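Visitor: Please take me through the contacts and salt bridges here, and set each value against its definition.

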Amino acid sequence: MTQHVDLLIIGAGPAGMAAALAAAPSAISIAIIDDNPLPGGQIWRDGPQARLSASARQMRARLQRHGNIQLHSASKVVAFAGTKRLLLENAEEGWVLAYDKLIVCTGARELLLPFPGWSLPGVTGAGALQALIKGGLPVAGERIVIAGSGPLLLAAAATAKKNGAEVVRIAEQASLGDVARFGAGLWRWPNKMIQALDLASGVYRTSAHVLAASGVDRLEAVRVQLGDRVHEIACDRLACGFGLVPNVEIATALGCRIEHRAIFVDQWQASSVADHYAAGECSGFGGSELALVEGRIAGLAALGQRAQARKLWPERKHWQNFADRLNRAFALNPALKKLAKPDTLVCRCEDVPYAELANHSSWTAAKLNTRCGMGACQGRICATAGQTLLGWEPPQLRPPFSPARIATLACLDEDVA
Amino acid sequence: MPELSIDGQPFRFAQGTTVAAALMSSGDRCSRTSVSGQRRAPLCGMGICQECRVNIDGLRRLACQTICREGMQVQTRS
Amino acid sequence: MIQGHAADVIIIGGGIIGAACANELTSHGLDVLVLDCQRPAATAAGMGHLVVLDHSPAELALGEYSVRLWRELAPQMPDNCAMRNNGTLWLACNEEEMAEAERKHSALSAFGLGCELMTGEALAHGEPSLRPGLFGALKVSGDGILYAPNAARWLLQRQPERVHQQQAQVVEVQGNRVLLASGQWLKATAVVLASGIYAGELCADLPLQAKKGHLLITDRYPAQISHTLVELGYVTSAHKGNGPSVAFNVQQRPTGQLFVGSSRQFDNHDPAVDAAMLGRMLRRAMEFLPGLGGLNGIRSWTGFRSASPDGQPLIGEHPTQPGLWLAVGHEGLGVTTATGTAKLLAAQLLRNPPPTALQAHLNAYLPQRFIGACAHA
């Protein structure tokens, strides 16, 4: 029942696809497992309202041409199943996959921070809104406020506008100086960004952040701090994301060292665990170009093709510089840590308000006494917020890594015993 | 156009639409009822937050990572 | 550095046993200092199943008395303690297990416990999620469940002027004196050791063994089952012997979540979830509740039960260390028997007569069974 592959790649975004394509010519057996219905990750998410770039379409086509790459879409990693074995699940079944080498390309998620009204229907993340629109959410004629931080706000605005929404405000928390220095310092501002900024002109504001969302059954208005003034904006949707958080949970469970909230990797994209590599946003942010080159290096290094991998170092260095600038420019304003009021829910799975958490000294104490983080997301939202707001170390993830059918977990029995 | 059911109401969808997008454009545009009784809608759109977990043909699944299929029975209140 | 009198009683461990002892001792007018170092322990890891077991008359007496005390406390407990008197169903798969149900029925009835035997049909009617074809069951009506971390917290907060809590690690105990990791010595009239699995670190002569267990909790699926369901294989076969074993044990929390157990491993001190054991435990659970397979599990974890050689706790003064009192070795029944343990310990410590319910079995709980001259006599 246990299957085996030479190389397992978790995540079919740019890094995972690049890793698979780099390793494919060696003819080893490769499996890519990805929890989305289609490959591409977040940036190349496909759907009825998505317009995939030519390069993304090409990569997908190349993946299909390699007979030694099996792509398991809509499948997720559920648990550690012993040394170099993982338990996987899709809509129909669970199974154990054994591997010799692993490349973790689990990407990043948005940093979502609690503020009054953030649990109202109509409020989503910023990248979330983009993903939902690509997946077919109609937004034509809707008034949308986009808030938070980073280039993702512009990308979300562009997708919303293309699909007929009226983006009434983009509130970037970073200062104009920081954003301008970021822009001016780039010798190559990605084309998409320029277009997005063009589209956003007139509504883009820096040193601006959300204060609260309001409405009865769903969002009706947003209060935004603009410099020293407070504006109330009537709207249908608020898309709010404060940057990215690397998805390190699976790597952590596999024993990989985490540094600065990302998977630590060396120059070969190797993690602290032998035969386990990481590439893309989960090992530090830098956008799709950095993810692509890291993926290629990881794919080659996993095969032992170090000479070829080394040739890609200068390219990686170039995109890392871009990433460093990005992270400096969009550092979070400490005022954002004070948005939650005593009755603002922090844990949305268990409906635990901020006031209940503030009585406790650590994540563990808060969890045991308030149920915070005991819900289905295993603290991915609230523990990440708690780390940012209160400086609490997030918990070690327990299996299953995300909710999984008990019938799937029972597969651990016959395969390991 | 293919059709599925959301809380017993028919919903017609374009091929490739996610169940999350379908939920957000029909009924009360929500996906679940929280522990304290609030209605909630998809939040992260990428399989992390679990706000969009719904019953699809009897199993609890994430709407944002599921593509609409003809005849699917989706329930947001169970 | 020696400090004077820190409190009438110092309790080491703020889990369910320590908290119940603190609550009991303060009700007799004593001032208590509870030292806890917040290490992961059984109160947080366990199921919170209030269940009367009857491997021995002493176990039955302590369990019955303790659950009765819990039920008396229930009306005063806050909602977040999630106390419910849902009863336990002991499931029999075959004739042999039904015979065990009947034996148990006689034993419990003789003790005055409310219990009834159920036929296979009655069981299928009462718990329709169970697989068809089970032989029957014994229903024990007085059993219940609670959420032990909050129950412990509540017990510690009932008399705030008398219970003082300090986050500190005790590194040495000498009779009625304790040494903190900070280098400070604290002294009291009595010291109560109630630190569960960690008690052996402070008292080398305790005959305690760790038994590792796994648990899993599901997402919320209300109204799947009504009682706590336990297989009788638990007593007849599954958990016998010293090898790793699993047994079906499921309860529905007031949240609507299902709590799925159980496993037992000796000689395994690794707190990590053991994938094979988890899988085996869940496969066993699915044999009884086939619908479980389609429900989502959201978290699994492990804990350690601190077990004595005869399975009964050690309650009483340490035979060779006057001033040091033991409340340890409760194995999987710490939550169940915390209330009775506290009453007995307080009576011993204050030289009062022991609770009537326990009088016939006092020697069965004494540390002298294993420690000191009497143990070898």
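Guide: The area buried between chain C and chain B is about 450 Å², with 36% coming from carbon and sulfur atoms. Buried area here is the accessible area (1.4 Å probe) that two parts lose on being put together, summed over both. This is a predicted model in which local features need pLDDT of at least 70 and side-chain atom pairs count only at pLDDT 80 or more, while totals for chains, interfaces and linings use all residues. Residues are numbered from 1 along each chain as its sequence is written, chains are lettered from A and ligands numbered from 1 in the order in which they are written, and side-chain values use heavy atoms, with hydrogens and water left out.

Visitor: How many residues of chain C and chain B are in contact?

Guide: Contact means heavy atoms within 4.5 Å, and by that rule 5 residues of chain C meet 4 residues of chain B.

Visitor: What makes C:D219 and B:R53 a salt bridge?

Guide: The term requires a side-chain nitrogen of Lys or Arg within 4 Å of a carboxyl oxygen of Asp or Glu. For C:D219 and B:R53 the closest N and O atoms are 2.8 Å apart, so the pair qualifies. Between chain C and chain B the count is 2 salt bridges. On the side of chain C that touches chain B there are 1 nonpolar, 2 polar and 2 charged residues; Ala, Val, Leu, Ile, Met, Phe, Trp, Tyr, Cys and Pro count as nonpolar, Asp, Glu, Lys and Arg as charged, and the others, Gly among them, as polar.

Visitor: Which domains does the assignment give for chain C?

Guide: Domain 1 covers 2–45 + 148–207 + 311–376, and domain 2 covers 88–141 + 209–307. The bounds come from an automatic or database domain assignment. Over C-alpha atoms, the centres of domain 1 and domain 2 of chain C are 30 Å apart. Their contact takes 9 residues from domain 1 of chain C and 12 residues from domain 2 of chain C. The area buried between these two domains of chain C is about 820 Å², 54% of it from carbon and sulfur atoms. C:A45, C:I197 and C:E331 supply 65% of what domain 1 of chain C buries against domain 2 of chain C, more than any other three residues.

Visitor: Why is the pair of C:K211 and C:E331 called a salt bridge, and which parts of the chain does it link?

Guide: The N to O distance between the side chains of C:K211 and C:E331 is 2.7 Å, which meets the rule and therefore makes a salt bridge. C:K211 is in strand 12 (residues 209–220) and C:E331 in strand 19 of chain C, distant parts of the chain 120 residues apart. Strands are DSSP runs (E, at least two residues), helices are runs of H or I (at least four), and both are numbered from the N terminus.

Visitor: How do you know whether B:R39 is buried or exposed?

Guide: Buried means under 20% relative accessible area, exposed over 50%, partly exposed in between (1.4 Å probe, protein chains only). B:R39 has 17% relative accessibility, so B:R39 counts as buried. B:D28, at 32%, counts as partly exposed. The side chains of B:R39 and B:D28 meet in a salt bridge at 2.8 Å, N to O.

Visitor: Where do C:R103 and C:E100 lie?

Guide: Both are in helix 4 (residues 95–110) of chain C, 3 residues apart, about one turn of the helix. C:E100 is buried at 16% relative accessibility, whereas C:R103 is partly exposed at 38%.
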